[in-house]
Amino acid sequence: IKRNPGEVEFHQALKEVLESLEPVFEKRPDLQEAGILERIVEPERQILFRVPWLDDQGKIQVNRGFRVEFNSAIGPYKGGLRFHPSVYLGIIKFLGFEQIFKNSLTGLPIGGGKGGSDFDPKGKSEGEIMRFCQSFMTELYRYLGADTDVPAGDIGVGGREVGYMFGQYKRITNKYEGVLTGKGLTFGGSLARTEATGYGLVYLMEEALKAVHKTFAGTTVVVSGSGNVAIYAVQKLNQLGAKVIAMSDSNGYIYDRDGIHLDTVRQLKEVDRKRIKDYVSHHPSAEYHEGCAGIWSIPCDVALPCATQNELDGQAAQLLIKNGCYAVGEGANMPSTPEAVDAFHENKVIFAPGKASNAGGVAVSALEMSQNSMRYSWTFEEVDAKLKGIMVNIYHTASKAAAEYGFEGNLVAGANIAGFLKVAEAMKAQGAV
Ligand code: NDP
């Protein structure tokens, strides 16, 4: 804490992981001797830079750019870019740290990193978004490369932004390489990448439910957010016969007891870039409520927080439990506060932490890298089948590690331990670097 003052989200993420690792270090003094703990909490490289860009009035605006290259023990740095006004070093470091373990859990050869900017894409014109992305990449390109560091999207960075950044990278470096994932399908993107995080979340939760002889068919589900992760989680849930009754954005939530019409949400969010409250003008029987936190007061069987960090606190968790919710899967990164996670564990709610349950996005990003290297592309069905296999495997790997280290049924500890061990072995083998 002294070394990283004010980085509260990073401290929160560190605390959770380090608590899970106590029994590992007891069992493995060799890892302690190799200084793994001291090294793994310190990013290999942190890049901070100025991003100047011209707005539509011809005025120069300045934002701050970040890239934290956290750990490359098992592969090139990999992790998304977030554009949101709340972005500062503490957020990027928390995300980058979590990314190390998540990427390791996928079983694919990718290290951990994260980046972004405090730029707010809301209300900006197409031209402003493009000029910002170009300026951002004009500095960042020198640290990237298909075998060095491969960013992707995150909050505020979708296919459009990835396209502009890829274009600028190619222009500056004169290289056509898989330096970003989440690209458009006409220039190296992978089929099923758009769907991957949401679908992957549902695949992992399906496996967790299977372990207690349940399925999604006939369940009632609340999904927060209405961005990339939320939309495709809802699509897969609908395919599996679940009914999603609520979604949200940062202003408020919609409640449609008949089941959310996903086509309307997609039109509003993906095409028109409007607010979730506009849903009720298409479906007047649905309700809109201001304030996104209220979404957790709606009774449901399963809750999938898919918006942002710390969106589900202890009080919300108690409310969900009281209303009969028996499973929670994190689509977002660290959406549940530590108090909420404790409440889920104490009440035997099945709880899947983001670093396990939202790993589908980065897994398919790694498959995009493979396809780019081969100059080849797999079909949607091929990628989707690989994604499902990876998510099922993550669930079992985390469950097994939890049981092995005395945390039976605790997927948070299991995911941390399993993700950590692979990286730690690689760091030990590579010496003090
Ligand atoms: P999007 O930008 O597509 O959507 C984010 C959604 O969350 C929007 O509905 C947004 O509402 C809402 N949101 C954002 N910030 C806040 C806030 N401070 N309070 C309340 N709601 C908020 O992002 P993604 O769907 O890609 O990402 C969602 C989460 O999933 C993030 O935590 C991300 O790190 C994580 N994730 C994403 C992956 C991916 O592949 N995309 C992979 C793994 C994790 P509004 O429109 O009002 O801003």
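Trainee: How many helices and strands does the protein have?
Mentor: The protein has 16 helices and 12 strands. Here helices (H or I, at least four residues) and strands (E, at least two) are DSSP runs, numbered from the N terminus. Keep in mind that this is a predicted model, where local features need pLDDT of at least 70, side-chain atom pairs count only at pLDDT 80 or more, and totals for chains, interfaces and linings use all residues. Residues are numbered from 1 along each chain as its sequence is written.

Trainee: What radius of gyration would a compact globule with 433 residues have, and what does the protein have?
Mentor: The rule, applied to C-alpha atoms, is 2.2 Å times the number of residues to the power 0.38. For 433 residues a compact globule would come near 22 Å, and the protein has 21 Å, so the two agree. Along its principal axes, the C-alpha trace spans about 60 × 50 × 45 Å.

Trainee: Why is Gln99 called buried?
Mentor: A residue is buried if 20 or more other C-beta atoms lie within 10 Å of its own, exposed if 12 or fewer, and partly exposed in between, with C-beta atoms placed from the backbone. Gln99 has 27 other C-beta atoms within 10 Å, so Gln99 is buried. Gln99 is found in helix α4 (residues 89–105).

Trainee: And why is Lys102 called buried?
Mentor: Lys102 has 28 other C-beta atoms within 10 Å, so Lys102 counts as buried. Lys102 also lies in helix α4. Across the protein, buried residues make up 52% of the 433 residues.

Trainee: Which residues does Lys102 touch, not counting those up to four places away in sequence?
Mentor: Lys102 touches Lys355, Ala359, Val362 and Gly419. Contact is called when the C-beta atoms of two residues, placed from the backbone, lie within 7 Å. Leaving aside neighbours within four places in sequence, Gln99 is in contact with Phe70, Gly79, Gly112, Gly113 and Lys114.

Trainee: Which residues does UniProt list for "binding site"?
Mentor: The unreviewed UniProt entry lists Lys78, Gln99, Lys102, Gly153 and Ser365. Positions follow the numbering used here, feature names are shortened, and annotations may be inferred rather than shown by experiment.

Trainee: Which residues come nearest to the ligand?
Mentor: Of the 24 residues around the ligand, Gly227, Ser250, Ala307, Ala332 and Gly361 come nearest. A residue is near a molecule or strand if its C-beta atom, placed from the backbone, lies within 6 Å of it. Helix α8 (residues 228–239) gives the most to this shell, with three residues.
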